[in-house]
Structures are given as structure tokens and as C-alpha cells.
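Reader: I would like to learn how to read the packing in this model. Could you take me through some features one by one?

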Amino acid sequence: MGAAGVAVANAPVSYGAFELTVGHDPNVPSGVSVLDQVAAAGYAGIDLGPVGYLSQGGQLGEALAARGLGLAGAYLELPYADPGALSQALPGLDAMLDTFDAAQPYLTGPPPRPTLADSGSPARRAAPGRSATDPSQGLDAAAWRQFGAGLGQVVGRCRDRGYEPTFHPETGTYVEAPWEIERVLELSDIGICLETGHMLLGGGDPVAALRPWAGRINHVHLKDAVLAVMAGIIADGAPVTDIWSREVFCALGKGDLDVPAVLGGLAGIGFGGWLVVEQDILPRTAERFARAAQDQRDNRAYLAARGL
């Protein structure tokens with residue numbers, strides 16, 4: 001644990017391993033390699049990544065324990081506003097929670113958080129970053145009512161299994177702009193993940209959000225981002241995948257996020273729990289995968305120099 005009970009983790013996506021690359025790109029590092037890199041860099045834990053990537057069940061717990069790592073959580077997109085599609089997607093939630101259960105006996109540190117996001121739509125994925133200035137891109141009143149009911153079902157399912165979830169804003173979904181995040185907070189009692197990178201891309205200000213959301217922030221994904229790159233994606237009418245291929249997310253301190261202000265704000269509200277460093281990339285070469293490992297060592301050193 002770091003300052004004030006903050007545990008600093010990383011995630012497979014920082015090494016280029018996520019749903020768009022695992023099983024598709026031969027250059028993706030193995031789960032064992034990523035575990036080794038995260039532990040060697042000095043992180044206290046790791047996010048799960050795609051279920052099965054790091055390992056399965058008790059073997060995952062043993063692999064984490066052998067490296068002194070905790071499990072920070074796992075990210076899952078679900079179609080809350082579509083009852084039929086949500087019902088079909090719930091086995092994915094159960095598989096994630098089953099993985100948590102199997103790993104838990106081996107773990108130390110804060111418990112893992114189900115990190116819930118909206119699954120968006122083709123229209124939203126084709127127009128990232130637009131809803132902040134164009135509310136017509138968002139859900140209508142009836143869809144928001146269904147969203148609230150669906151989210152309530154998922155939150156209850158997590159709590160029934162003994163896990164307190166968090167909601168993760170995500171570019172290219174129906175919860176990316178500040179007004180959409182506020183709507184989720186009105187519809188549910190779920191905690192919010194202070195997702196600094198995606199909040200910036202969606203037109204928000206993570207630093208300004210700290211005080212009004214102080215009682216709701218129960219998880220942090222710390223990302224830096226270059227807003228000029230995002231502006232280019234919007235100007236070009238490019239899809240959401242370009243936020244990864246153009247590397248809108250950068251090393252901590254290299255972008256437009258006021259990282260010291262975020263850290264100071266978290267200390268000011270007494271935040272404790274997992275702070276997951278993420279630097280999402282979509283590598284195309286073995287060299288870029290290798291450079292990702294160095295980036296994460298640098299990110300850990302950046303935070304250590306600032307008291308975490």
C-alpha cells in the first residue's frame with residue numbers, strides 16, 4: 001500500500017494486451033511475461049485483462065501470489081439499455097466473478113473491483129468524443145430508463161457475489177461525456193471509476209470532478225492523454241479504434257492531464273483503494289510491445305517520485 005492506503009496497479013492493456021490483440025496479434029506478450037514485467041516494475045497489483053489471458057482460477061491466484069501481486073479488478077462492457085442483449089451477456093459477468101472467487105484465497109490487498117462500462121454501439125464507436133457538444137448522440141429518456149434498470153441488475157449481481165463494482169466511462173460508448181456520467185450517477189448508487197484519460201477525451205475535467213464526486217469515487221484508472229491527438233481524431237471523423245492506433249494515451253506527465261493535481265485531489269478526499277495505471281496502446285510491431293514495458297517502468301517511477 002502507498003500513501004493513505006492507495007495501492008498502485010497496472011493492466012495488460014498497457015502492454016498492448018486486450019480484446020483487440022489477444023488471440024489476434026502474434027506479437028502480444030504472454031500473460032506470464034506481463035505478470036513478470038508488472039511485478040519487476042514495482043506495482044502492487046494488476047488488472048485481469050481478458051478472462052484467461054493471465055491464467056485461470058487457482059492458477060491465476062498462485063501466479064499472482066508468487067509475484068506479490070494483488071488483483072485490482074476487471075473491465076467489462078455490457079449493453080444495459082437492451083434487456084435481451086444484456087441477458088445474453090451476463091455469462092461473461094459470471095465468468096469474471098468466478099475468476100475473482102477462484103483467485104481470492106491467494107490474494108492480499110484491496111479486493112478486485114468489477115469495472116463496468118457500457119458497450120456502446122456502432123454509431124457511437126464511429127463518432128468518439130462527439131456527445132459532449134452534441135447530446136443528440138446520446139440515449140433518449142426511455143433508453144436511459146432501461147439503462148438504469150439493466151445497470152441495477154448487474155450491480156445487484158456483483159453485490160450478491162460479494163464484490164462492490166465501479167462504473168467506468170469509456171470513449172465510444174453511451175457514457176463518455178460529463179453529462180452522461182452524471183446521468184449514471186443519478187440512476188444508480190454505483191461508485192464511479194475516476195477514469196482520467198477517457199474523461200479528458202469525453203470533454204471532462206478529472207480534477208474538477210474530484211470534489212463533487214468525492215463520495216462516489218471508489219476506483220481510479222490513471223491515464224494521461226494528448227488532447228491534440230483526440231482533436232485530430234474528431235476532425236477526421238475517425239472511429240474509436242484510432243485512440244489506440246494514434247496513441248492518444250501517453251506516459252504520465254507527457255500529456256494534458258495535470259497528474260499532480262489529480263494525486264493531490266485524491267489525497268484531499270481521502271481516497272483509498274486501487275489506482276490502476278493504464279496507457280492503452282495498439283502495437284503493430286514487436287519493438288512497440290517491448291517499448292511498452294519500459295513505459296510502465298517509467299510510469300511507476302513517476303508515481304514513486306510523487307509519494308506513491
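Author: Gladly, and we can begin with handedness: a crossing is left-handed if the near helix is turned anticlockwise from the far one by less than a right angle, and right-handed if clockwise. Helices (H or I, at least four residues) and strands (E, at least two) are DSSP runs, numbered from the N terminus. With that in hand, α2 passes α3 in a right-handed crossing. Please keep in mind that this is a predicted model, where local features need pLDDT of at least 70 and side-chain atom pairs count only at pLDDT 80 or more, while totals for chains, interfaces and linings use all residues. Residues are numbered from 1 along each chain as its sequence is written, and side-chain values use heavy atoms, with hydrogens and water left out.

Reader: What are the angle and the distance between the axes of α2 and α3?

Author: Two packed helices are described by the angle between their axes and the distance between the axes. Axes are lines fitted to C-alpha atoms, for helices over the stretch in contact, and angles run from 0 to 180 degrees between N-to-C directions. Here the axes of α2 and α3 cross at roughly 55° and come within 7 Å. That makes α2 oblique to α3; angles under 35 degrees count as roughly parallel, over 145 as roughly antiparallel, 65 to 115 as roughly perpendicular and the rest as oblique.

Reader: Which residues of α2 and α3 meet?

Author: Contact means heavy atoms within 4.5 Å. On the α2 side they are Gly57, Gly58, Leu60 and Gly61, which meet Thr99, Ala102 and Ala103 of α3.

Reader: How do α3 and α5 cross?

Author: Their axes cross at roughly 25° and come within 11 Å, so α3 and α5 are roughly parallel to each other. This crossing, too, is right-handed. From α3, Pro83, Leu86, Leu90, Leu93, Asp94 and Leu97 meet Gln146, Gly150, Gln153, Val154, Arg157 and Cys158 of α5.

Reader: And at what angle do α5 and α6 pack?

Author: The angle is about 55°, and the axes of α5 and helix α6 (residues 178-187) are 10 Å apart. α5 and α6 are therefore oblique to each other, and α5 passes α6 in a right-handed crossing. Trp144, Phe147, Gly148 and Leu151 of α5 meet Trp179, Glu180, Arg183, Val184 and Leu187 of α6.

Reader: Let us turn to rings. How many aromatic pairs does the structure hold?

Author: A pair of aromatic rings is described by the distance of the centres and the angle of the planes. Rings of Phe, Tyr and Trp (its six-membered ring) pair if their centres lie within 6.5 Å; planes under 30 degrees apart count as stacked, over 60 as edge-to-face and the rest as tilted. The structure holds six such pairs. In one of them, the centres of Phe100 and Tyr163 are 5.3 Å apart and the planes are at 65°, so the pair is edge-to-face. Phe100 lies in helix α3 (residues 83-103) and Tyr163 in the loop between α5 (141-160) and β5 (166-167), so the pair ties together parts that are 63 residues apart in sequence.

Reader: Are Phe100 and Tyr163 buried or exposed?

Author: Both Phe100 and Tyr163 are buried; buried means under 20% relative accessible area, exposed over 50%, partly exposed in between (1.4 Å probe, protein chains only). Elsewhere, Tyr80, Trp144, Phe147 and Phe167 form one aromatic cluster.

Reader: Which charged ends sit over a ring?

Author: A charge sits over a ring if NZ of Lys or CZ of Arg is within 6 Å of the ring centre and within 35 degrees of the ring normal. The charged end of Lys223 is placed over the ring of Phe249, 5.3 Å from its centre. For Arg300, the charged end sits over the ring of Tyr43, 5.8 Å from its centre.

Reader: Where does Arg297 lie, and what is it in contact with?

Author: Arg297 is part of helix α12 (residues 286-304) and counts as partly exposed, at 34% relative accessibility. Apart from neighbours within four places in sequence, Arg297 is in contact with Gln37 and Ala41. The C-alpha atoms of Arg297 and Ala41 are separated by 5.0 Å, although the two are 256 residues apart along the chain.

Reader: Last, the backbone. What is phi of Ser55?

Author: Phi of Ser55 is near 160°, a positive value in a residue other than glycine. Ser55 belongs to the loop between β2 (45-47) and α2 (57-66), and is buried, with a relative accessible area of 18%.
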